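Hi everyone, thanks for coming.

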Amino acid sequence: MVSKASLAALLALSGALAACSGSTTAAAGPEANRSLYSLNQPVVERFDYVMDLSTDGSGLSAAERGRLVGWFRSIDLGYGDHVFVEEPYASGGREAVAKVTAEYGLLLGDGAPVTAGQVQPGSVRVVVSRSRAHVPNCPNWDMAGGPSSTSSNYGCAVNSNLAAMIADPNDLVLGQTGASAGDAATASKAVRAYRSRAPSGASGDVKSEATRGGGK
């Protein structure tokens with residue numbers, strides 16, 4: 001049988017252990033990351049720019065082509081942007097837009113994002129889809145790391161640099177579709193260039209000069 005004094009001591013000890021456990025949990029926080037997986041991940045946002053152009057049945061007039069060029073300049077069209085054409089009525093507008101887009105080093109994409117409103121007869125809709133990647137809430141020093149958890153800033157530097165340097169942010173979501181089979185010629189191109197290059201100095205252009213130090 002347990003005495004009253006022993007029971008009181010056990011209750012006091014259990015209370016102390018509970019308090020210690022509660023303080024540890026509070027110190028670590030409910031969002032403590034106890035793995036090596038980064039909670040700070042890039043977020044990709046997409047923005048669609050839309051412009052409707054009038055067609056004359058055989059493409060774009062000089063005035064409409066000028067409007068398109070001016071619009072591309074105003075939105076600073078460049079690498080990483082995706083250009084689509086919605087042309088429900090055949091009018092040659094797609095080919096005309098493709099020629100202007102090619103001047104920026106871009107090709108038209110297949111299909112088009114869903115946009116508001118219908119394309120009217122005698123017109124063509126150009127959609128420029130642009131994505132941006134960033135890591136929210138970084139840097140974040142709200143929680144320091146511990147022996148069994150990483151800090152709240154863990155992953156901010158690496159993922160923020162990745163989001164800033166990637167050419168097409170959509171690759172963070174879907175990636176690129178690779179070829180079903182590897183090309184041996186492409187894979188060995190670097191090795192072949194290295195082996196076929198003549199060693200430096202073989203042409204006799206390298207001169208040997210002796211130097212001496214100290215004194216005049």
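Let me start with a question: how many of the 12 residues of strand β3 are buried? Keep in mind that this is a predicted model. The count is 9 of the 12, so β3, residues 123-134, is largely enclosed by the rest of the structure.

Who are its strand partners? Strand β1, residues 43-54, pairs with β3 in the antiparallel sense, over 12 bridges. If you want a landmark there, find L53, which stands opposite V124 in β3. Strand β2, residues 82-86, also runs antiparallel to β3, joined by 5 bridges. Here V83 has V128 of β3 as its bridge partner.

Now for the charged side chains. A search of the whole structure finds 6 salt bridges, and I'll show you a few. In one of them, D52 meets R125, with the closest N and O atoms 2.8 Å apart. That pair links distant parts of the chain, since D52 sits in strand β1 and R125 in strand β3, 73 residues apart. And is R125 buried or exposed? At 5% relative accessibility it counts as buried, while D52, at 34%, is partly exposed.

Next, please turn to helix α2, residues 62-74. R67 and E64 form a salt bridge with a closest N and O distance of 3.0 Å; being 3 residues apart in the helix, they are separated by about one helical turn. E64 is buried at 11%, and R67 is partly exposed at 39%.

Last one: R65 and E103 meet at 2.6 Å, N to O. R65 lies in α2 and E103 in the loop between α3 and β3, so this pair ties together parts 38 residues apart in sequence. E103 is exposed, at 54%.

Conventions. Residues numbered from 1 in each chain as written. Predicted model: local features only at pLDDT ≥ 70, side-chain atom pairs only at ≥ 80, totals over all residues. Heavy atoms only, no water. Buried < 20%, exposed > 50% of the residue type's maximum accessible area, 1.4 Å probe, protein only. Helix = DSSP H or I, 4+ residues; strand = E, 2+ residues; numbered from the N terminus. Pairing = 2+ DSSP bridges. Salt bridge = Lys/Arg side-chain N within 4 Å of Asp/Glu carboxyl O.
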